[in-house]
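Reader: Please take a close look at a single helix for me. Start with its setting in the chain, then go through its faces.

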Amino acid sequence: MRIRPSFVVRSTTVVLVFFFVVWIASRGIDENSLETKDRELRRNQPPWRDRRREWEEKFQEDKLFVPNREKDNQIPQIKVPNFIGEEDEDEEHPKHEHVKGAGIPHVDGVEVDLQAVRRGEGGKKDDVRHEDKKEDGFKQPQVGAPRRGPEIAENMRRSGNNVKYRQAVMKPGEIGNWEPEPEKISDAPGEGSIPFKLGPEYKDDIDKSIKEFGFNIVASDKISLDRSIKDIRDPECKYWHYDTQLPNVSVIIVFYNEAWSVVMRTVHSVIKRTPPELLAEVVMVDDSSTKEHWKQRLDDYLVQFHGLVKLVRNKQREGLIQARSIGARAATRGKILVYLDSHCEVGINWAPALISPIAVNRTTCTVPLIDVIDGNNYNIYGQGGGDEYGHARGAWDWSLLWKRVPNTPREKARHKYHTEPYRSPAMAGGLFAIDREYFFELGLYDPGLKIWGGENFEISYKIWQCGGEVLFTPCSRIGHIYRLEGWAGNPPPANSGLSVVLQNYMRVVEVWWDEYKEYFYASRPEIRNHPFGDISELVAFRERNHCKSFKWFMEEIAYDIVEHFPLPPKNKIWGEIRGIGSGLCLDSMGHKDGGEMGIGGCHGMGGNQMFRLNEANEMAQYDQCIHVVGTQVKLDHCDTGHTKYRGWEYDEENKMLRHKVGKCLDRSEILHQVFMSDCDNESKTQKWEFNQVMAM
């Protein structure tokens with residue numbers, strides 16, 4: 001039988017197709033196997049540093065940016081389409097207007113996958129942990145959602161997507177997997193955070209800017225928004241290795257009538273120094289600013305960011321605290337919320353160290369080490385104080401004033417490396433990171449707190465007493481500009497009332513301090529009967545979630561507070577100390593820690609003129625005790641044993657303040673000075689009376 005050629009061709013084709021299919025299948029299996037191995041290998045590879053050259057080539061080839069080195073404060077323009085699917089107006093909060101923002105600018109050091117941006121993926125690669133997230137982000141948690149029973153802590157710790165992240169690992173001598181390339185430093189003003197000083201011809205303009213904004217804005221405006229900074233981290237920080245697929249963040253920045261350049265430098269620094277796969281968005285919350293540069297100019301400027309920077313405008317002034325809660329509601333893209341003050345610059349590789357502890361335990365709140373940016377010359381340096389490494393814990397005195405104390409041997413013993421995150425009883429409040437859903441479960445900030453003050457303690461106590469923890473992260477450093485002397489300040493919002501800060505403090509201690517609140521009122525006796533509003537919902541939240549007592553907190557977490565700030569004895573007499581017949585009152589003049597006392601016109605508002613004479617015979621104001629040095633009258637930090645500054649007695653009959661050195665408090669009404677003199681019952685300038693005043 002003769003075989004036809006066509007049959008041979010068909011048979012051969014079938015056989016070849018069969019073997020081809022088998023070959024493809026086996027290749028697919030091999031590739032899957034290799035992909036699995038490759039994914040495991042990626043955990044030990046730099047997730048973004050090694051893609052720098054690839055991205056830089058894309059920038060150059062596609063001509064997506066036009067560098068302009070001549071203008072310090074201009075950012076290169078990018079031709080990138082808008083992100084897809086901007087979220088709609090929040091109907092529950094109609095008074096807050098969302099202004100559409102924009103994507104990712106190119107600045108030196110920023111690494112962005114622009115091809116991914118075009119696809120609407122936000123520049124992130126290989127992100128398998130946040131799949132199918134719509135633009136409206138996470139399901140809006142119910143504020144203060146009730147959780148019953150002792151399982152609250154475990155429920156809160158459980159991650160929303162049950163993803164387990166790896167803890168950071170120290171590998172001495174092996175550069176960390178998230179470490180960026182060193183920043184290029186030019187000789188332009190302020191580069192490398194080198195002090196930038198202007199000549200005397202600028203003095204008048206500088207003084208005006210300090211009065212208006214609290215900073216030397218003349219110098220700030222001459223420094224690039226994208227300037228390079230020096231790396232002041234501990235050298236050990238460079239060898240930490242973090243999970244390569246950390247959760248992303250929404251950075252929230254609240255501002256009100258600030259100077260343009262300090263706010264926008266904050267935004268630019270975040271974009272420049274945050275790996276693109278970690279930065280979901282920057283949310284700017286304008287708390288109803290009135291200055292012209294925060295109006296149309298800001299809208300126009302944000303267009304270049306193509307959705308990466310979102311703007312929320314408050315229709316009315318809310319104050320910093322509630323504006324931050326508004327920011328939390330608007331920040332829907334990131335799993336973790338990062339709060340920054342509006343005059344900051346993030347440090348080198350700031351993000352992974354801040355994010356990692358939260359990724360491992362969602363009930364952890366992290367706080368960066370806060371460095372000082374000099375408001376005159378924009379130099380950056382570490383805060384003073386702390387332990388031998390400069391590490392401090394957040395603390396307070398019994399009048400609820402913020403303090404910093406050195407890290408303790410007890411905390412150091414918990415760690416192998418001194419750059420590991422360590423526990424702190426409290427945070428300063430301006431800069432911190434927290435899991436978004438967890439923050440909503442905590443109820444955000446107390447809605448009764450107004451404007452500013454006490455919110456840092458409220459969130460710290462709430463976290464600790466209800467099963468979470470606050471960690472300071474030495475390898476995440478962020479610079480902060482502190483206001484300079486001469487700033488006129490911002491007026492409070494309309495209808496905010498007086499003594500807002502004191503009212504906030506009262507709400508905090510009434511909810512969280514239990515019996516310890518008596519020490520607060522011993523330190524601030526003038527506000528015991530001051531109204532503080534309804535706290536029933538907060539008390540119910542604490543009971544519902546089985547939050548621990550303040551006594552437990554003081555013994556287990558804040559055990560070192562009383563070592564630095566002794567519990568105040570009960571008061572025998574308190575109030576303003578008025579010179580009889582003079583209209584002048586004893587006044588600390590804002591001095592402390594060795595400063596001299598004085599006298600000033602009585603104003604009846606407490607503050608620097610509020611003193612108390614306690615059962616230990618100390619005369620004190622807050623944590624400062626009045627003591628005698630020769631004939632001088634000075635203030636100093638009250639000692640732990642309440643023994644060093646004892647010796648004051650008030651002679652009710654003769655209206656005199658006597659001291660154990662055998663002298664009495666005297667005054668010069670012409671020089672507005674106080675001093676110690678030999679006691680003279682007939683001297684009119686040695687006559688004093690205590691008048692109780694109420695906080696206004």
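Author: Of the contacts (heavy atoms within 4.5 Å) in the protein chain with a separation of 6 or more, 77% join residues 24 or more positions apart. This is a predicted model, where local features need pLDDT of at least 70, side-chain atom pairs count only at pLDDT 80 or more, and totals for chains, interfaces and linings use all residues. Residues are numbered from 1 along each chain as its sequence is written, and side-chain values use heavy atoms, with hydrogens and water left out.

The protein chain has 18 helices and 29 strands. Both are DSSP runs numbered from the N terminus: helices are H or I, at least four residues, and strands are E, at least two. Of its 696 residues, 55% are buried. Buried means under 20% relative accessible area, exposed over 50%, and partly exposed in between, with a 1.4 Å probe and protein chains only.

Now the helix: α5, residues 203–213. I206, S209, I210 and F213 are buried there. They fall within an arc of 100° seen down the axis of α5, so they line one face of the helix. The arc is taken from the directions from the helix axis to the C-beta atoms. An α-helix has 3.6 residues a turn, so residues three or four places apart point the same way.

What does the buried face meet? The buried residues of α5 pack against α6, residues 217–220. The other side of α5 carries D204, K208 and K211, which are exposed. Just after α5 comes G214, with a positive phi of about 90°.
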